[in-house]
Amino acid sequence: MHVHVADHPLISHKLTVLRDERTDSPTFRRLADELVTLLAYEATRDVRVDPVTVQTPVAEARGVRLSTPQPLVVPILRAGLGMLEGMQRLLPTAEVGFLGMVRNEETLEATTYAERLPDDLARRQCYVLDPMLATGGTLSAAIEFLVQRGADHITAVTLLAAPEGIARVEADLADIGVPVTLVTAGLDERLNDKGYIVPGLGDAGDRLYGVV
Ligand code: URA
């Protein structure tokens, strides 16, 4: 897996405010949204385009348009939903599929509880959105799911990642056979014994949507 830690002062600034426990939910949602748009710019560096020609008022100009099939954006429910609009802002024509995955807080393993995705993902570039790459169980399972359906290019976008999670995804996907890239705003120190990222930002779903 190619890991890209987005290094930009605006990203670091917004991430710092997100981490702050005093940041309230509306501010957290707005900042997460802005941060994802900045990450989306990095994450779409490899988005596929086709050459086209357009007529300007002056002359013909060669350019590019996004290829079809359009990219698929896949937020992992629930917390990934808080990243969807930020991604769509840069990829408004992308289709959106949903994967509901929940982590068992004792075993820390991920299971799928909901899925709304095209059956055939052949030739699809998929952008998986999940704010926290912690143990890596959810992200590995989601990527395996998409590749089994035929996706041939995966980019995961996270706000934070832990080294343990990256190692797990790399081990789980060693033979996956498609390019996988991680774009994240920050690479933190470690996980604690509850599987939380340290220093992290707490429970991203709770901070976005409240404790339910
Ligand atoms: N999920 C979160 O929301 N936060 C963490 O620190 C780890 C997993």
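How many nonpolar, polar and charged residues does the shell around the ligand have? By class, that shell has six nonpolar, three polar and one charged residues. Here Ala, Val, Leu, Ile, Met, Phe, Trp, Tyr, Cys and Pro count as nonpolar, Asp, Glu, Lys and Arg as charged, and the others, Gly among them, as polar.

Before we go on, a word about what you are looking at. This is a predicted model, in which local features need pLDDT of at least 70 and side-chain atom pairs count only at pLDDT 80 or more, while totals for chains, interfaces and linings use all residues. Residues are numbered from 1 along each chain as its sequence is written.

Now back to the ligand. Among the residues around it are Ala79, Met132, Ala134, Tyr196 and Asp203; a residue is near a molecule if its C-beta atom, placed from the backbone, lies within 6 Å of it. UniProt, in an unreviewed entry, lists residues for "binding site", including Arg78, Met132, Leu133, Ala134 and Asp203. Its positions are given in the numbering used here, feature names are shortened, and annotations may be inferred rather than shown by experiment.

Let us visit two residues from that record. Leu133 sits in strand 9 (residues 132–133); helices (H or I, at least four residues) and strands (E, at least two) are DSSP runs, numbered from the N terminus. Leu133 is buried because 28 other C-beta atoms lie within 10 Å. The cut-offs are 20 or more such atoms for buried, 12 or fewer for exposed, and partly exposed in between, with C-beta atoms placed from the backbone. Arg78, in the loop between strand 4 (72–77) and helix 3 (84–90), has 16 other C-beta atoms within 10 Å, so Arg78 is partly exposed.

Leaving aside neighbours within four places in sequence, Leu133 is in contact (C-beta atoms, placed from the backbone, within 7 Å) with residues including Thr158 and Thr184. Those two lead us to a pair of strands: Thr184 in strand 11 is the bridge partner of Thr158. Strand 10 (residues 153–161) and strand 11 pair in the parallel sense over seven bridges; pairing takes at least two bridges found by DSSP.

Strand 11 (residues 180–187) has six of its eight residues buried. By contrast, Ala167 of helix 5 is exposed, because 12 other C-beta atoms lie within 10 Å.

How values were computed. Two residues are in contact if their C-beta atoms, placed from the backbone, lie within 7 Å.
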